[in-house]
Amino acid sequence: MTPGRTPARPASAPEPDPTADQATKDAMSNATTVSPAHSASTASTLITNIAALVTNDPSSGDGSPLGLVQDAAVVIEGDRVVWTGDQSKAPATDNRVDAEGRAVVPGFVDSHSHLVFAGDRTQEFNARMSGRPYGAGGIRTTVAATRAASDEELEANVTRYLREALRQGTTTFETKSGYGLTVEDEARALRIAAAHTDEVTYLGAHIVAPEFAEDPAGYVALVTGEMLDACAPHARWIDVFCEKGAFDGDQARAILTAGKAKGLHPRIHANQLSYGPGVQLAVELDAASADHCTHLTDADVDALAGSRTVATLLPGAEFSTRAEWPDARRLLDAGVTVALSTDCNPGSSFTSSVPFCVALAVRDMGMTPDEAVWSATAGGAAALRRDDVGRLTPGAYADLTLLDAPSHVHLAYRPGVPLVSGVWRRGERVV
Ligand SMILES: [Zn+2]
């Protein structure tokens, strides 16, 4: 079966990554030149009787950004979607799955997590919920535990949290280093992460390593020198925590610029705990994403609106620190592309659940259910400059989440309920 349509991009999404696009083309040409009869991997599967299908293709279905199709079907061949539309018009396939009137959404794209760590911070959370404010210093606790852990322990942790995320519908995720803060420990974290995802971020500049407490300039030199050389081969992205108590604007610019020179693309922890230069720097350096965006001036919002930098909002962090919510409504009304992600980490947001973040964004950040679902799928893909995930259109990866609900709106309407009843990743049913 030949894909019927080229995937469309939402108007707000950036240009596709040329490498990803080539990979898409290669895989698609394989899928169309191998006969399904001779290869189980390219057998076609129809998922039909879908009450509501979110495609994120505005040229499909109701014409909204979600491209919502009622009484829909999807056809998967190999690892790709090859057809979507009205179930009455679905083509013949090798296999058939009855969705029994449930909703299907694209697999969630969690574009911000910190999964390579050891230990937990239950006591810190407990204390904070008893009234103590959160500061960046808590990261040092996880750094000590992570350095002391074996490769096997770190690997087991990543695997465990990824399984947890997959069961909740996440099919693409980004993850970072940042709890090693030595050349060896940062490179080790990235090697472990790279075994699980292509979206790996070098975050040697999470905080100044404890050994450099009296010499932050020396630490920046390490992060932009020997540590960068050791880490760049294992990463696609470079990130910095631009915040009081972490790295200031000049340090952040130096770190991201050095990463760019080594072929890494920037993204930034920006304006989380206070106003600051992070968002403007993200736009200046064409970062794929400015993450957190909780404290924004009008100039920050204008800069984002005039750029292709995505604002990634991480409501799990505000939930877990009882902090002020980021104002998603303000960003959306200004025309900024917004992504929603978990920030899964043991200190400030220990959730791997995108549905939980969708519910928070709708309840407390002014997003409509449609906007929140778009941001957790197509928005996350835009924050990773991907157009082969976060949508269910011909040519995209067959990453689908089946909800035990008739509508995607239930993700916010039924908070805390395990609604994910099936997950396909790269065309394989994995949940
Ligand atoms: Zn983070």
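A residue is counted as buried here if 20 or more other C-beta atoms lie within 10 Å of its own C-beta atom. The structure described below is a predicted model. By the burial criterion, tyrosine 179 is buried, because 30 C-beta neighbours lie inside 10 Å.

**Overall composition**

The protein chain contains 15 helices and 16 strands. Of its 431 residues, 56% are buried. Among the contacts in the chain with a separation of 6 or more, 71% are between residues 24 or more positions apart.

**The annotated binding site**

In UniProt, an unreviewed entry places the feature "binding site" at Tyr179, Asn345 and Gly347. These positions are spread over 169 residues of sequence, yet they cluster in space, with a largest C-alpha distance of 11.3 Å.

Tyrosine 179 lies in the loop between S7 and helix H5 (183-194). Leaving out residues up to four places away in sequence, tyrosine 179 touches Val116, Phe117, Thr142, Val143, Thr146 and Ala189. Asparagine 345 belongs to the loop between S13 and helix H13 (354-364). With the same exclusion of residues up to four places away in sequence, asparagine 345 touches His114, Phe117 and Phe350.

| Residue | Other C-beta atoms within 10 Å | Class |
|---|---|---|
| Asparagine 345 | 27 C-beta atoms | buried |
| Aspartate 79 | 21 C-beta atoms | buried |
| Valine 431 | 16 C-beta atoms | partly exposed |

**The parallel sheet**

Seven strands form an open sheet with parallel pairing, in the order S7-S8-S9-S10-S11-S12-S13. Its edge strands are S7 (175-176) and S13 (338-340), each of which pairs on one side only. Within this sheet, strand S9 (residues 237-242) and strand S10 (residues 265-270) pair in the parallel sense over six bridges. In S10, histidine 265 is the bridge partner of tryptophan 237.

Helix H10 (residues 298-305) has Asp300, Val301, Ala303 and Leu304 as its buried residues. Seen down the axis of H10, these buried residues fall within an arc of 160°, so they line one face of the helix. The face turned away from the buried side carries the exposed residues Asp298 and Ala299. The cover over the buried residues of H10 includes helix H9 (278-284), strand S11 (289-292), strand S12 (310-313) and helix H12 (328-333).

**The mixed sheet**

A further open sheet of seven strands has mixed pairing and the order S3-S2-S1-S4-S14-S15-S16. S3 and strand S16 (428-429) stand at its edges, and each has a single partner strand, so one side of each is left without a neighbour in the sheet. Strand S15 (residues 420-425) runs antiparallel to S16, and two bridges join them. In S16, arginine 429 is the bridge partner of tryptophan 424.

Aspartate 79 is located in the loop between strand S2 (69-77) and strand S3 (80-86). Its C-alpha atom is separated by 8.6 Å from that of alanine 396, although the two residues are 317 residues apart along the chain.

Valine 431 is found in the segment after S16. Its C-alpha atom is separated by 6.3 Å from that of arginine 167, and these residues are 264 residues apart along the chain. Apart from residues up to four places away in sequence, valine 431 touches Leu166, Arg167, Val420, Gly422 and Val423.

**The nonpolar core**

The largest nonpolar core has 128 residues, and those with the most contacts inside it are Val74, Val104, Val358 and Ala361. Helix H14 (residues 369-383) provides the largest share of this core, eight residues. At least three residues of the core come from each of domain 1 (18-107 + 391-429) and domain 2 (109-383).

Leaving aside neighbours within four places in sequence, valine 358 is in contact with Leu340, Ala372, Val373, Ala376, Leu411 and Ala412.

Conventions:
Residues are numbered from 1 along each chain as its sequence is written. This is a predicted model: local features need pLDDT of at least 70, side-chain atom pairs count only at pLDDT 80 or more; totals for chains, interfaces and linings use all residues. Two strands pair if DSSP finds at least two bridges between them. Helices (H or I, at least four residues) and strands (E, at least two) are DSSP runs, numbered from the N terminus. A residue is buried if 20 or more other C-beta atoms lie within 10 Å of its own, exposed if 12 or fewer, and partly exposed in between; C-beta atoms are placed from the backbone. Two residues are in contact if their C-beta atoms, placed from the backbone, lie within 7 Å. A nonpolar core is a set of buried Ala, Val, Leu, Ile, Met, Phe, Trp, Tyr and Cys residues joined through C-beta atoms within 7 Å. Domain bounds come from an automatic or database domain assignment. UniProt positions are given in the numbering used here, feature names are shortened, and annotations may be inferred rather than shown by experiment. The arc is that of the directions from the helix axis to the C-beta atoms.
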